[in-house]
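Trainee: Hi! Could you walk me through this model?
Mentor: Gladly, let's open it up and take your questions one by one.

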Amino acid sequence: MALAAVAMSFAACGGKTGAAADSDSLAVEATEAAAPAEQANQVVALLQEQIQNADPEQVKAISQQVAEQVSAFIAAGDEAAAEAYTKVINTFICENVEKLQQSGAATAIAEAIATVQNVPAAIVESTTQAATGVVADANAQAEAAAATVEATKQAIEAAPEAIKEQAKQQANAAVEAAQKQANDAAAAAQKKANDAAAAAQKKANEQANKAIDDAAAAAKKSLGL
C-alpha cells in the first residue's frame, strides 16, 4: 500500500521534530497495513486445526468470523484490507483444498463471504475459485503444458541434424496441442468458478429473502395481523 504523506512542521507534530513525526507515522501505517494479514493468519491457524480434526461447529464459527471481518472492512470503506485479508486465507485454502473440502471449511467460507453486503465480485470469485480447487487445477494444467514444451525443446536440441526438421514439426504440433489443452483447462476452470460463484450468490439471495420474510411475519404477528 502507498504510505500517506506525513506533516513535517514542529507545531503540527505537537513538539516533535519532522524526522520523529515521519518515523511515528510510518510505524502506525505499517501496523495498519499488517493488520489484515495478521487477522487472516489467525483464521489460517484455525483452518490448520480443521485439517487435523474436522469439527462442523468450528467450521461454522470460522465462516462467521471471516464473513464478519470482511463485512467490517467493507463497511469501513477499506476494500483493499478486505482483499488482503481474503487473499491470505484463499492462498492457504488453495494449497490445502482437498483436505479442507473434506471438512467443508473451504465451501463454508466461500458461501459466508458471498453473503456479505456490498462485497466486491472479485473477492467472491477468488474465494470461490480457491474453495472449488479451480486455481489448483489451472496451475496443474499450466505446469503440465510447460513441461511438455520443455521436453520437446530438449528433444529438438538433442536430435541429429538429419531429423531436426521432422522433430521441429513434431515439436510445433506438440506445442499447439499443449497450448490448446491449457486453454481448454482454463476455460473449464473459469466455467467451474462462475457456476460456483452463481450458486453461492443464489444461496445468499435465498437467505436474504428468507430473513426478510421472517422479519415481515414477525412484525405482522406482533401487530396481531
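Trainee: Among contacts between residues at least 6 apart in sequence, what share join residues at least 24 apart?
Mentor: That share is 65%, where a contact means heavy atoms within 4.5 Å. Keep in mind that this is a predicted model, with local features needing pLDDT of at least 70, side-chain atom pairs counting only at pLDDT 80 or more, and totals for chains, interfaces and linings using all residues. Residues are numbered from 1 along each chain as its sequence is written, and side-chain values use heavy atoms, with hydrogens and water left out.

Trainee: Which residues touch the most other members of the largest nonpolar core?
Mentor: Leu47, Val66 and Ile89 do, in a core of 34 residues. Helix 1 (18-52), helix 2 (56-75), helix 3 (79-95), helix 5 (105-114) and helix 6 (121-132) each give two or more residues to this core. By nonpolar core I mean a set of buried Ala, Val, Leu, Ile, Met, Phe, Trp, Tyr and Cys residues joined through side-chain atoms within 4.5 Å. In soluble globular proteins, nonpolar side chains tend to be buried together.

Trainee: What is Ile89 in contact with, leaving aside neighbours within four places in sequence?
Mentor: Ile89 contacts Ala40, Val43, Val44, Leu47, Val66 and Ile109.

Trainee: Let's switch to helix packing. At what angle do helix 2 and helix 5 pack?
Mentor: About 35°, with their axes 8 Å apart. The axes are lines fitted to C-alpha atoms, for helices over the stretch in contact, and angles run from 0 to 180 degrees between N-to-C directions.

Trainee: Is that crossing left-handed or right-handed?
Mentor: Helix 2 passes helix 5 in a right-handed crossing.

Trainee: Now Thr86. Is it buried or exposed?
Mentor: Thr86, in helix 3, is buried, because its relative accessible area is 2%. Its side chain reaches the backbone oxygen of Ala82 at 2.9 Å and that of Glu83 at 3.2 Å. These are polar contacts: pairs of N or O atoms within 3.5 Å where, within protein, one must be able to donate a hydrogen and the other to accept it, and residues adjacent in sequence count only if both atoms are side-chain atoms.

Trainee: What does Thr86 touch beyond its neighbours within four places in sequence?
Mentor: Val70, Ile113, Ile123 and Thr127. Thr127 is one of the buried residues of helix 6, and so is Thr128.

Trainee: Which backbone oxygen lies 2.7 Å from a polar side-chain atom of Thr128?
Mentor: The one of Val124. Thr128 counts as buried because its relative accessible area is 2%. Leaving aside neighbours within four places in sequence, Thr128 contacts Ala110, Ala193, Ala196 and Ala197.

Trainee: How far does helix 6 reach?
Mentor: Its twelve residues reach 16 Å from first C-alpha to last, close to the 16 Å expected at 1.5 Å a residue. The expected span is 1.5 Å times one less than the number of residues. Just after helix 6, Gly133 takes a positive phi of about 75°.

Trainee: Which residue other than glycine has a positive phi near 65°?
Mentor: Asn118 does, in the loop between helix 5 and helix 6. Asn118 counts as exposed because its relative accessibility is 60%. Most residues other than glycine have a negative phi.

Trainee: Last one: where is Asp55?
Mentor: Asp55 is in the loop between helix 1 and helix 2. A polar atom of the Asp55 side chain lies 3.1 Å from the backbone nitrogen of Glu57. The C-alpha atoms of Asp55 and Ser103 are separated by 7.3 Å, though the two are 48 residues apart along the chain.

Conventions: Buried means under 20% relative accessible area, exposed over 50%, partly exposed in between (1.4 Å probe, protein chains only). Helices (H or I, at least four residues) and strands (E, at least two) are DSSP runs, numbered from the N terminus. A crossing is left-handed if the near helix is turned anticlockwise from the far one by less than a right angle, and right-handed if clockwise.
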